[in-house]
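Hi everyone, thanks for making the time. Please bring up the model on your screens, and I'll walk you through it.

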Amino acid sequence: MHDITLWPSVGGVLEACGREHALEVAHLTRRAAPALRIDPELAYVAGLLHDVGKISVPLDILAAERALSVSEWTLVRAHPVEGEGLIRKWWPDAPASLLHAVRHHHERLDGQGYPDQLRSLPDLTALIAVADVYVALCEARPYRVSRSAQESAEILRGEPLPAHVISAVLDAAVLCSASRVV
């Protein structure tokens, strides 16, 4: 039912945008969604699409193994708005909650997120934000090694994101890890 061909493939952008990252976020959000009374399939699709706006960021910036310049960071930080726009174009009847989650998955409760410096997040948006952080921490990146699940959880608990959503994601992450071992 959920074919990864939903994810746009534009040369090397597919991997640089994080196909595996998107799948991990989607699986984790689907697993955590029931604890938050969120439709698991909606959470899955939002997880798949959360970074789709990165197709508008040049590949050399996405794959950079160096610190980004201010102008490069501006391009990267535009990906949530770009993603919302692409989804509106491709899927005119997309649920408003999904569009909100894509646009605001980098927002934080302290108002230091982007693009709109929100201080509150609906649960679906917070779920995508929390899962995105957790999965990113557990992944190796060109500029750092991956972190353990325990270290990632500790860092995540310090993020200005809703504690009940962090708990739901960490519980789901434990279940996901256990199901992979079995």
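**A walk through the model**

Let's begin in the loop between helix 7 and helix 8, where glutamine 117 sits. Before going further, a word on where all this comes from: the model is predicted, so to speak of local features I need pLDDT of at least 70, side-chain atom pairs count only at pLDDT 80 or more, and totals for chains, interfaces and linings use all residues. Residues are numbered from 1 along each chain as its sequence is written, and side-chain values use heavy atoms, with hydrogens and water left out.

Back to glutamine 117. Its phi is near 50 degrees, a positive value in a residue other than glycine. For the cut-offs, buried means under 20% relative accessible area, exposed means over 50%, and partly exposed is in between, with a 1.4 Å probe and protein chains only. The helices I keep naming are DSSP runs of H or I with at least four residues, strands are runs of E with at least two, and both are numbered from the N terminus.

The loop between helix 7 and helix 8 also holds aspartate 116 and proline 115. The peptide bond from tyrosine 114 to proline 115 is cis, with omega near 15 degrees. Aspartate 116 has a relative accessible area of 32%, so it is partly exposed. What does its side chain reach? The side chain of arginine 103, in a polar contact at 2.8 Å. A polar contact here is a pair of N or O atoms within 3.5 Å; within protein, one must be able to donate a hydrogen and the other to accept it, and residues adjacent in sequence count only if both atoms are side-chain atoms. Between C-alphas, aspartate 116 and arginine 103 are 9.0 Å apart in space, and they are 13 residues apart in sequence. Not counting residues up to four places away in sequence, aspartate 116 touches Arg103, His104 and Glu107, where contact means heavy atoms within 4.5 Å.

There is another positive phi to look at. Arginine 37, which is not a glycine, has phi near 60 degrees. Arginine 37 is in the loop between helix 2 and helix 3, and it counts as exposed because its relative accessibility is 81%.

**Stepping back**

Now the whole chain. The protein has 10 helices and 0 strands. Of its 182 residues, 48% are buried. Among contacts between residues at least 6 apart in sequence, 60% join residues at least 24 apart.

Helix 3 (residues 40–49) is mostly covered, with 8 of its 10 residues buried. Those include Leu42, Tyr44 and Leu48. What do the buried residues of helix 3 pack against? Helix 2, helix 6 (79–90), helix 7 (96–104) and helix 8 (123–138).

In helix 2 (residues 19–32), take a look at histidine 21. Histidine 21 counts as buried because its relative accessibility is 6%. Its side chain makes a polar contact with the side chain of glutamate 139, at 3.1 Å. Leaving out residues up to four places away in sequence, histidine 21 touches several residues, among them His50, Asp51 and Arg141.

Last stop: the largest pocket, with a volume of about 1,000 Å³. Of the 37 residues that line it, the closest to its centre are Lys54, Trp73, Ala136, Arg141 and Tyr143. On a 1 Å grid over the protein atoms alone, a pocket is an open set of points where a 1.4 Å probe fits, with protein on both sides within 12 Å along at least five of seven lines, and lining residues have an atom within 4 Å of a point. Grid points are joined across faces, edges and corners, and the volume is the space filled by probe spheres set on the points.

Which helix gives the largest share of the lining? Helix 8, with 4 residues. By type, the lining divides into 18 nonpolar, 6 polar and 13 charged residues. Here Ala, Val, Leu, Ile, Met, Phe, Trp, Tyr, Cys and Pro count as nonpolar, Asp, Glu, Lys and Arg as charged, and the others, Gly among them, as polar.

Alanine 67 lies in the loop between helix 4 and helix 5, and it is exposed because its relative accessible area is 70%.
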